[in-house]
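Please open the model in your viewer and keep the selection panel at hand.

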Amino acid sequence: MANKPDTQVLIIGGGIGGLVLAAICRKVNIPCKVLERTRNLEPVGAGISLAPNALKVLDQLGLYEEIKRSGQPLKKILIHRNTTKWRELDFSDTERRFGYPVYSIERHHFHHMLYKAAGGEATVELDSKVEDIIDKSEEEYVKVKLADGREFSAEVVVGADGIRSITRRVLARNAGLEATNTIRFTGRVHMSGYTAPMPNLGPEELGVANWLFYDDSILTTWPCIDNRQWFIGVKMADPNSVQEKNRSVWSGTAREMINDVYGEKFHPFGENGMVKDVVNRSERIIASNVYQEISFASMSSGRVALLGDAAHSMTSFFGQGGCQAIEDATELANLLQRHFSVPAAERLSGVDDVLIEYSARRQSRAKDIATFSGNYAKLHTANLPYGMGPLVRKLVYAYMPVWMWMWYLEWLYGYQPVVDAL
Ligand SMILES: Cc1cc2nc3c(=O)[nH]c(=O)nc-3n(C[C@H](O)[C@H](O)[C@H](O)COP(=O)(O)OP(=O)(O)OC[C@H]3O[C@@H](n4cnc5c(N)ncnc54)[C@H](O)[C@@H]3O)c2cc1C
């Protein structure tokens with residue numbers, strides 16, 4: 001092995017978490033490289049909501065002005081049970097309480113912002129699918145092998161490679177747990193889309209989200225800029241049509257498939273009061289299976305760390321998966337910056353100790369939020385023990401006062417890690 005590694009921090013995966021980590025490394029002068037398997041940065045997903053716990057560091061990275069220009073702050077949530085309006089939940093106080101509102105933004109646009117902040121093609125190596133990671137204590141550096149035969153070396157490797165993480169599988173293999181799958185398909189499939197501006201909506205609908213609870217399904221629409229709507233429907237997978245575990249029954253989703261489930265149902269923003277009025281204005285539609293972590297392994301092993309969905313996948317009902325990847329990236333970058341700022345000869349500990357500290361810091365919060373997201377999904381879909389779901393859901397959504405929502409969200413939104421060195 002060469003005496004000098006290819007880079008100090010090698011990040012596998014150019015998704016939200018990997019790019020935020022790279023953007024921070026760039027700001028604090030830690031040499032880093034991102035290996036991303038896709039050939040091009042193509043539109044992935046529909047929208048994303050960014051909560052105050054993630055917005056503070058994005059602000060520090062200089063991205064907040066662009067988020068304000070291209071995103072939409074959440075002001076209010078309209079909650080309906082079939083066609084009956086339960087209430088309007090005022091969320092406009094979020095910014096005063098937590099310093100930032102919740103912003104919804106088109107996902108591809110956000111991804112591009114992160115790509116640029118990470119240094120673009122100078123940092124991110126596209127078409128680079130990682131196949132193996134070799135971390136031997138007798139070797140000076142960690143080695144990463146790509147499917148096309150290339151190899152890279154680094155002082156530390158970070159697996160930010162999402163739900164089906166190869167990094168995670170390699171760590172499990174090294175721990176003799178190769179056959180243990182700790183990520184479970186929840187049986188739910190999300191169908192989401194992003195619409196063009198809705199001409200029938202006006203200024204009073206800007207920033208208004210809709211939570212719609214139907215008898216057999218639910219649908220959420222998040223308000224985006226110019227009265228565009230980002231919608232997410234949930235369907236339970238039919239066990240008979242799932243050939244194998246973890247396979248989406250909705251691959252190749254089209255508008256018609258969503259309209260088959262939701263089309264005729266009520267939507268207050270539809271021109272004719274129907275969901276299909278919204279769906280038919282969509283520019284892009286995708287489907288994704290929802291996974292959940294059932295056992296929390298360590299977020300590091302040796303000189304390899306896991307970050308974001310690769311470490312702790314969670315249901316997306318409370319929109320925190322990406323925000324947690326951003327929190328992970330911030331805290332990991334702080335620890336790495338502190339470590340690498342000391343000359344190598346004077347360091348009292350190795351990078352593996354730094355990663356143990358990272359894992360210890362992040363694990364309990366990630367676990368709490370994954371558990372919370374899982375429970376929240378059950379509440380949202382009225383799927384609680386002893387048939388209590390519909391009653392509890394009504395009590396929470398129709399009657400729980402706004403101050404109680406804000407008070408409860410303090411632990412989630414009030415925690416706002418930042419880059420110490422900036
Ligand atoms: C419908 C839906 C709505 C959601 N809404 C929200 C929301 O509102 N707010 C929120 O915060 N979160 C939301 N989430 C969750 C969020 O999308 C994820 O938690 C987030 O994308 C995780 O980021 P990540 O960087 O860990 O992984 P990803 O974004 O999945 O990135 C992983 C990257 O690694 C690459 N990769 C994978 N394997 C390899 C390999 N072998 N070699 C090289 N590269 C590889 C992939 O191509 C990908 O680019 C939602 C999820 C869904 C499905």
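**The domain interface**

Across the interface of domain 1 and domain 2 the rule finds one salt bridge (a side-chain nitrogen of Lys or Arg within 4 Å of a carboxyl oxygen of Asp or Glu). This is a predicted model, in which local features need pLDDT of at least 70 and side-chain atom pairs count only at pLDDT 80 or more, while totals for chains, interfaces and linings use all residues. Residues are numbered from 1 along each chain as its sequence is written, and side-chain values use heavy atoms, with hydrogens and water left out.

Select Arg284 and Glu106, which form a salt bridge whose closest N and O atoms are 2.9 Å apart.

Next, colour domain 1 (7-73 + 103-183 + 293-413) and domain 2 (185-292) separately; these bounds come from an automatic or database domain assignment. Their C-alpha centres lie 25 Å apart, and the contact (heavy atoms within 4.5 Å) takes 36 residues from domain 1 and 25 residues from domain 2.

The area buried between the two domains (accessible area, 1.4 Å probe, lost on being put together and summed over both) is about 2400 Å², of which carbon and sulfur atoms give 59%. Now select Ala46, Gln72 and His380, which supply 20% of the area that domain 1 buries against domain 2, more than any other three residues.

**The sheet**

Show the strands (DSSP runs of E, at least two residues, numbered from the N terminus) of the open sheet ordered β3-β7-β4, whose pairing (at least two DSSP bridges between strands) is antiparallel. Its edge strands are β3 (47-50) and β4 (72-73), each pairing on one side only.

Notes: Helices (H or I, at least four residues) and strands (E, at least two) are DSSP runs, numbered from the N terminus.
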